[in-house]
Amino acid sequence: MKKLTPYGLLAALFVATPLFAGDMAGMKMGDTADAAVQSAQTTGVVNAIDAAKGKVTITHEPVPSLNWPAMKMGFKIKPELSSNLAVGQKVDFDFVMEGRVAVITKIVAAK
Ligand SMILES: [Cu+2]
């Protein structure tokens, strides 16, 4: 049985929310807090393409310069860059961090 009163629960939420928000903002994606634009290059496999939303999901290899392990994640991409991609394709790509969003600047079929 929970002993948390409604007031206690409210207080807990009030205190926890800012911490939770800060945690989400950090995304646990390595040390990308630096405001400067960070450019990186890696290789991966295309999982999904959403041209309408300007998004592509890629399972990428580690990115040592950003301290990222291998992972599956979404990248922002311009239509002219995503139009030649296919799901399942292996790609080499460059991207920059715009805040917490990874934006692909160049992408080609991996050899
Ligand atoms: Cu990632």
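1. Of the 111 residues in the protein chain of this predicted model, 14% count as buried. Among contacts between residues at least 6 apart in sequence, 48% join residues at least 24 apart.

2. The protein chain holds 2 helices and 5 strands. Read from the N terminus, the order of elements is α-β-β-β-α-β-β.

3. Strand β1 covers residues 38–50 and pairs with β4, residues 90–98. The two strands are antiparallel, and 8 bridges link them.

4. What lies between β1 and β2? The two strands form a hairpin with 4 residues between them. Gly-54 sits in the turn and has a positive phi of about 65°.

5. Asn-67 has a positive phi of about 65°, although it is not a glycine. Most residues other than glycine have a negative phi.

6. Is Asn-67 buried or exposed? Asn-67 has 11 other C-beta atoms within 10 Å. The cut-off for an exposed residue is 12 or fewer, so Asn-67 counts as exposed.

How values were computed. Residues numbered from 1 in each chain as written. Predicted model: local features only at pLDDT ≥ 70, side-chain atom pairs only at ≥ 80, totals over all residues. Pairing = 2+ DSSP bridges. Buried ≥ 20, exposed ≤ 12 C-beta atoms within 10 Å, placed from the backbone. Contact = placed C-beta atoms within 7 Å.
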